[in-house]
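Dear colleague,

Please find the structure below, handed over for your study.

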Amino acid sequence: MTQDNRSGRPQGRPPEGDGRVSRVEASLRGPFLLFFVSAVIWLLAASVLGVIAALGLGSSVGVLRDCAWFTPGRIAAAQQDLFIYGWGFNAFFALNLWLLAQLGRFEFRNGWLAQLGGVAWNLALTYGIARVFAGDMTGYRLLDFPREVGPVLAVAFLLAGFWPIVAFARRPSGHTFASQWFVVGASFAFPLVYLLAQLLVLWQPASGVVQALAHSWFVANLLQLWFGASALAAIYYFLPKVLERTLTGYYLAPVAFWTFFLFAGWTGPAALVGSPVPLWLQSTGVVAAAMMIIPVIIVAINVHGTLCSQGGWARAWNDTTLRFVSFGAVAFTLAGVLGGVFAFRSMSALVRFTSFATGLEQLLVYGCASMVVFGATYFILPRLTGALWPSAKLVHVHFWATALGFLAAVVAWLVGGWQNGQLLANPAVAYADVLRAESSWFLVLKISAVLLLVGHVAFALNAFGMILKAPAPAGRHD
Amino acid sequence: MKNLNTLLAGVFLAVALPFGALILSGQSQLGGLGRAAGEEGGALFPSREPGLAIQGRAVYVSLGCVNCHTQQVRPAGQGSDIARGYGVRPSVARDYALQSQVLLGERRLGPDLANYGARTSQINVETLLTDPASSGAVWHPSYRFVDAAQRTALVAYLKSLRQDYPSPEAKLKK
């Protein structure tokens, strides 16, 4: 263990410490940094909205309340859209591209195309968010943008997010890794899902409750096939890479991949148990959600099996990248297990319409995907920029503020949601009393939102400081 | 696994099969729903929405009320919706057949509104929107900034929400 290591400074370094960046990485620098910097800016914006939304909970006056633009319904929509499409997509455009270029020794010659896609994506997003604030939204969560935004985002995705597939197709050797399958799957599935959902929900609206059905299908696919699959790819890469070991039971990984993709697409209607949609559709969703336990268990064997052997946890804890990545892996397992259990009718009857679903979703998109992206960044950025992370203290602030902030919120959503469900199930408890019990969690959510903002600011300062200080790219080519 | 085409074909099926089986067949099962009488020779329901209510729905969407309010009543075995008085019968797909935009909702921070126009409430909705603190509600966001015309439409929309008629899929208990 090096000096840096003990001081908590992230260990990601330029290869061989000679300050040179490999040809592959030099070719990625432009697009990667564009995606990454946009991602972090959107993350900061989403966190600020998160604080505004949390502070408004339980109060009718609050900050900014007499202004239509900042009414809670619009803030909530804008916050989620910025987090998902701003942070989540840009971050995985960057990470997925880096991963597959790395694994396929892909030198990226058409970086400008990806950058064009990135710019188009972010412009369309900015426009969409402005429309949401102006009240021009659709009423479908995560498909809030007015319908002219959809096609632009889809084209931008093809320009920005399709390169990992190209890198895979051009890889020199026949051998492939689990990370590659997951990224190829995510990059191919999302545009299909997005276009079909746009078509059915916005352009050629299906009649009546079929809209809600299509929407549930879209959200499940977005969460699992983009966020889940992309995060898994990174987990399957960084864990063995940093620990310098093969994963326990790695031969099972193809089963994890195929079962994950085959079941995830059917889970949508599990969110509609009890809703006015045909029973057989609800049941199909429930069965699929329960089947998702298969990939979740295999991933657990691969990941936690590895971490549990040969002092894996201790090493993961002492490595900045792995500390975040294994946090994400635990969150993935938890989300998978709870998602399966709470899909069943009796369980879902209890927690439906409470904050429980938010908790499950955030376990996946924040606890897993975002933490994994953070961890990956600590590994990748030093290699791309040839610089070191400026401040070890900020790394600590980042980890503790996001980890604790997230844990607090997830407990509030899950435990609070469960408690809320218990009270609601008893019609003798007046609604006002249910509401008062629920409000007691609002303080936790407020503190959590502030902690997350602090963590993200620390991360941004450190990352932007490093990018600005980095030596000019010209000096680093071979 | 080594073959890109196998991978892409597999992923394509993983998206296309559920889409076809869940969404397209859902559409073919429910797409034809329209107004119907719950009893022999009874009146046709759901009723057509008044124009003001249609305007009000747009206000409801644009203010994001759907973030905190659902519009669906689950059957008796699934939660306490009916016992809580959110409706006299479970919601059925036909109830939404005439709505251009279906706002089932996913989260209930506030009560369900599927039958707001049919049930009683201690809270005066006009006061709730303009001055929540004095409306008797535990808490509610203020919508004082909404102009009078829009508010009238919004309230008309809320009062138009009802599923208390018999439907072929959900008879009313006598």
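**Findings**

Chain B is divided by the domain assignment into domain 1 (1-29) and domain 2 (46-173), these bounds coming from an automatic or database domain assignment. The C-alpha centres of domain 1 of chain B and domain 2 of chain B are 36 Å apart.

Please note that this is a predicted model, in which local features need pLDDT of at least 70 and side-chain atom pairs count only at pLDDT 80 or more, while totals for chains, interfaces and linings use all residues. Residues are numbered from 1 along each chain as its sequence is written, chains are lettered from A and ligands numbered from 1 in the order in which they are written, and side-chain values use heavy atoms, with hydrogens and water left out.

**The interface of chain A and chain B**

In chain A, 86 residues are in contact with 66 residues of chain B, where contact means heavy atoms within 4.5 Å. The two chains bury about 6300 Å² between them, and carbon and sulfur atoms give 66% of this area. Buried area is the accessible area (1.4 Å probe) that two parts lose on being put together, summed over both. Of the area that chain A buries against chain B, A:P276, A:F353 and A:Y431 supply 12%, more than any other three residues.

The rule finds 2 salt bridges across this interface; a salt bridge is a side-chain nitrogen of Lys or Arg within 4 Å of a carboxyl oxygen of Asp or Glu. B:E106 forms a salt bridge with A:R141, with the closest N and O atoms 3.3 Å apart. On the side of chain A that touches chain B, helix 7 (residues 178-203) of chain A gives the most, with 9 residues. Helices (H or I, at least four residues) are DSSP runs, numbered from the N terminus.

**Salt bridges within the chains**

Over all chains, the rule gives a count of 17 salt bridges. In chain A, the side chains of A:D433 and A:R436 meet in one, at 3.1 Å from N to O. Both residues lie in helix 17 (residues 431-439) of chain A, 3 residues apart, which is about one turn of the helix. A:D433 is partly exposed at 41% relative accessibility, and A:R436 is partly exposed at 49%. Here buried means under 20% relative accessible area, exposed over 50%, and partly exposed in between (1.4 Å probe, protein chains only).

B:R151 forms a salt bridge with B:E126, at 3.7 Å between the closest N and O atoms. B:R151 belongs to helix 4 (residues 148-160) of chain B and B:E126 to helix 3 of chain B, so the pair ties together parts that are 25 residues apart in sequence. B:R151 is buried at 15% relative accessibility, whereas B:E126 is partly exposed at 37%.

Salt bridges that share partners also join B:R74, B:D81, B:R108 and B:D112 into one network. B:D81 lies in the loop between helix 2 (51-62) and helix 3 (125-130) of chain B, and B:D81 is buried, with a relative accessible area of 2%. Not counting residues up to four places away in sequence, B:D81 touches B:Q72, B:V73, B:R74, B:Y86, B:G87 and B:R108.

Yours sincerely

Definitions and conventions. Helix = DSSP H or I, 4+ residues; strand = E, 2+ residues; numbered from the N terminus.
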